[in-house]
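Biologist: Could we go through this model together, one question at a time? I would like each answer to end on the value or name I ask for.

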Amino acid sequence: MPDESRFMQRLRSSDDVFRVGHSVLVLGSTIAVSETTAAGRPARVDFRGAGALDGDDYLFVLWSDGDVRRFPLPHVGSETVLPATDMREFAFGW
């Protein structure tokens, strides 16, 4: 489907893989990739910044059961495995 491909390219090209150490600045916090999958997707990220991640400055959400839902952060030192998201369903509802 050409439209799906163009939409997905706007999110991030599959040729533009993440690498360990890649980081972005979001609301004064740095999010850095610390581990990647074989396909170059982030498998683990580290958050460093000015505010507490569980404070009012941040809202973490995920796509689940056809809706955006609040994502409760794991405790420091623990981890949570998130399910893959079907971007077509997320973006277009089908």
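Biologist: Which class does phenylalanine 90 fall into, buried, partly exposed or exposed?
Modeller: This is a predicted model, in which local features need pLDDT of at least 70 and side-chain atom pairs count only at pLDDT 80 or more, while totals for chains, interfaces and linings use all residues. Residues are numbered from 1 along each chain as its sequence is written, and side-chain values use heavy atoms, with hydrogens and water left out. Phenylalanine 90 sits in helix 2 (residues 87-92), where helices (H or I, at least four residues) and strands (E, at least two) are DSSP runs numbered from the N terminus. Since buried means under 20% relative accessible area and exposed over 50%, with partly exposed in between (1.4 Å probe, protein chains only), the 38% relative accessibility of phenylalanine 90 makes this residue partly exposed.

Biologist: Which residues form a nonpolar patch on the surface, and what is their accessible area together?
Modeller: Patches are made of residues with over 30% relative accessible area and no salt bridge, like charges being joined within 9 Å and nonpolar side chains (Val, Leu, Ile, Met, Phe, Trp, Tyr) within 5 Å. Areas come from the Shrake-Rupley method with a 1.4 Å probe, and for residues only the protein chains shown count as cover. The nonpolar patch consists of Leu59, Val61, Val68 and Phe90, whose accessible area together is about 350 Å².

Biologist: In what order do the elements of the chain run from the N terminus on?
Modeller: The chain holds 2 helices and 5 strands. Read from the N terminus, their order is α-β-β-β-β-β-α.

Biologist: Which element has the lowest mean pLDDT?
Modeller: The chain averages a pLDDT (the predictor's confidence in each residue, from 0 to 100) of 78, and 84% of the residues score at least 70. Over residues 1-9 the pLDDT is below 50, and this stretch has 6 contacts in the model beyond near neighbours in sequence, a contact being heavy atoms within 4.5 Å. Among the elements, strand 2 (residues 29-36) has the highest mean, 91, whereas the lowest, 47, belongs to helix 1 (residues 2-11).

Biologist: What share of the 94 residues in the chain is buried?
Modeller: The accessible surface of the chain is about 7600 Å², and carbon and sulfur atoms account for 53% of that surface. Of the 94 residues, the buried share is 7%.

Biologist: Serine 29 and which other residue are joined by a polar contact of their side chains?
Modeller: Serine 29 belongs to strand 2 and is buried, because its relative accessible area is 2%. A polar contact is a pair of N or O atoms within 3.5 Å; within protein, one must be able to donate a hydrogen and the other to accept it, and residues adjacent in sequence count only if both atoms are side-chain atoms. At 2.3 Å, the side-chain partner of serine 29 is tyrosine 58.

Biologist: Which residues does leucine 27 touch, not counting those up to four places away in sequence?
Modeller: Leucine 27 lies in the loop between strand 1 (23-26) and strand 2, and it counts as exposed because its relative accessibility is 67%. Beyond four places in sequence, leucine 27 touches Asp57 and Tyr58.

Biologist: Which residues do salt bridges that share partners join into one network?
Modeller: A salt bridge is a side-chain nitrogen of Lys or Arg within 4 Å of a carboxyl oxygen of Asp or Glu, and a search of the whole structure finds 2 of them. Glutamate 35 meets arginine 44 at 3.4 Å, N to O, and the closest N and O atoms of arginine 44 and glutamate 79 are 2.9 Å apart. This second pair links distant parts of the chain, 35 residues apart, with arginine 44 in strand 3 (residues 42-49) and glutamate 79 in the loop between strand 5 (67-70) and helix 2. The network formed through shared partners joins Glu35, Arg44 and Glu79.

Biologist: Which residues does glycine 40 touch, leaving aside residues up to four places away in sequence?
Modeller: Glycine 40 is placed in the loop between strand 2 and strand 3, yet it is buried, because its relative accessible area is 10%. Its C-alpha atom is 8.3 Å from that of aspartate 16, which is 24 residues away in sequence. With residues up to four places away left out, glycine 40 touches Val17 and Phe18.
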